[in-house]
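Reader: I'd like to learn how to read a model like this one. Could you take me through it a feature at a time?

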Protein chains: 2
Amino acid sequence: MQQRVLVVEDDLTIATSVADRLRAEGFAVELAHDGPTAVRLAEQTLPDLVVLDVMLPGFDGLEVCRRVQAKRPVPVLMLTARDDEADMLVGLAVGADDYLTKPFSIRELAARVRVLLRRVSRAAAPDLGDLRIDATERRVHRAGAEVHLTPTEFDLLVCLADRPRAVLPREQLLRAVWGWSDANGSRTVDSHVKALRRKLGADLIRTVHGVGYALEVPR
Amino acid sequence: MQQRVLVVEDDLTIATSVADRLRAEGFAVELAHDGPTAVRLAEQTLPDLVVLDVMLPGFDGLEVCRRVQAKRPVPVLMLTARDDEADMLVGLAVGADDYLTKPFSIRELAARVRVLLRRVSRAAAPDLGDLRIDATERRVHRAGAEVHLTPTEFDLLVCLADRPRAVLPREQLLRAVWGWSDANGSRTVDSHVKALRRKLGADLIRTVHGVGYALEVPR
DNA sequence: GCCGGTCTTCACAGGATCTGCACAACTCGG
DNA sequence: CCGAGTTGTGCAGATCCTGTGAAGACCGGC
């Protein structure tokens, strides 16, 4: 199951390198460069973890942390500019689960993200009926038989399986799998949905007219 | 085979009582009372497990943990003075596998050491089908016959064998074996994969298009 | 310096995969 | 039943990725 990480960081260089690294690790990454965007994205994309810079335009990281946590408990990894004990303490107080002081190594950050997420993901093991997805091995079985999927197909399926039965708009799928944000009139998503249906059975993915797609699994 | 435990703890009383107890359990115990000694001993004695106090003279436990792990992955049981969530998290981030807060009972500690070692000894010798890897002797056998591998080939194989069946991205393999971080368009990994396939059989390594490679072993 | 072994890079070929398009089929509210 | 809007489908060109062989760089031993 692919996990979503929201990275909130105004420094473009840091933001992209962090995002790249986390994507390489197999996470779906959303980026926000200021406080308000961060809060909005946190609501829209429901990330499994937030990486949060304390110094931000708009309003600061602590405020973001408070607001995000207010909606829904989510683990937060906080980035502080300096080794500031006070900042760190306040951060932990408002709900950060871990913190890192700049400059930090990308590897270190990735390690902590993994640890935090491992802690969380232990609990969640959704039942997908006769569909089995192994994200580590990148294998998919349906009704006991292994099915070969192309990379994009796999990512798309994982994205859908992430929230079984929930209807995901094309826009969101495009962002999560393709990293775009403009849902231009392309039939790209449809094409891959079609491929998935052909390989895994037409009943697996439900179309919701005017909205998007949802994974159909027995409750 | 007797398993070796390195105990790193500056308090003499605690150190000796832990050592005594573990020796009574049948483990070979090495003692270190400060960071530098710990790192040195870890290199020399190649313990199967490290019991590590966070508070240490020289440099602290986290640093020891990092340095020890940098050389060779080894399970670490961390001892923290207080029930500090942050300390614990950081500990886990740098590679600790379990932690215990003082004051702890010697019996409890011995129990966890047993659990960790059992977990590891199973993990250290995962079932690789007809493939056998001896990391200490740097020898590899397949189907009973010894196969000569070059250093790089061996490291790459070990890296893959570390997590059988898991798909490891090229990026990750490059980092682990070569220490680089830039996945430039080089075919280096491919070349060595090819060599491994030639020597060990084409079926051993699965390539996952667009992602990386995985060791293919029967479940 | 020479030599054998090993590592890295390169260019290319052959696949595998992605994407956008045109058009058919469908859905839904009137 | 109709029409606008939405989705399904087949396909072909473009693109991306991996396998491969060979050439040169590197390295330690002699």
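Author: Let's begin with the DNA: by class, the surface near DNA strand C has four nonpolar, 12 polar and four charged residues. Near means a C-beta atom, placed from the backbone, within 6 Å of the strand. Ala, Val, Leu, Ile, Met, Phe, Trp, Tyr, Cys and Pro count as nonpolar, Asp, Glu, Lys and Arg as charged, and the others, Gly among them, as polar. This is a predicted model, where local features need pLDDT of at least 70 and side-chain atom pairs pLDDT 80 or more, while totals for chains, interfaces and linings use all residues. Residues are numbered from 1 along each chain as its sequence is written, with chains lettered from A and ligands numbered from 1 in the order in which they are written.

Reader: Which residues come nearest to DNA strand C?

Author: Among the 20 around it, they are A:Thr150, A:Thr152, A:Ser186, B:Thr150 and B:Thr152.

Reader: And how do I read a helix?

Author: An α-helix has 3.6 residues a turn, so residues three or four places apart point the same way. In helix 2 (35-45) of chain A, the buried residues (20 or more other C-beta atoms within 10 Å of their own, placed from the backbone) are A:Gly35, A:Ala38, A:Val39, A:Leu41 and A:Ala42. They line one face, because their directions from the helix axis to the C-beta atoms fall within an arc of 165°. Helices are DSSP runs of H or I, at least four residues, and strands runs of E, at least two, numbered from the N terminus.

Reader: What is the strand order of the open sheet in chain B?

Author: Its five strands run 2-1-3-4-5, with parallel pairing (at least two DSSP bridges between two strands).

Methods. Buried ≥ 20, exposed ≤ 12 C-beta atoms within 10 Å, placed from the backbone.
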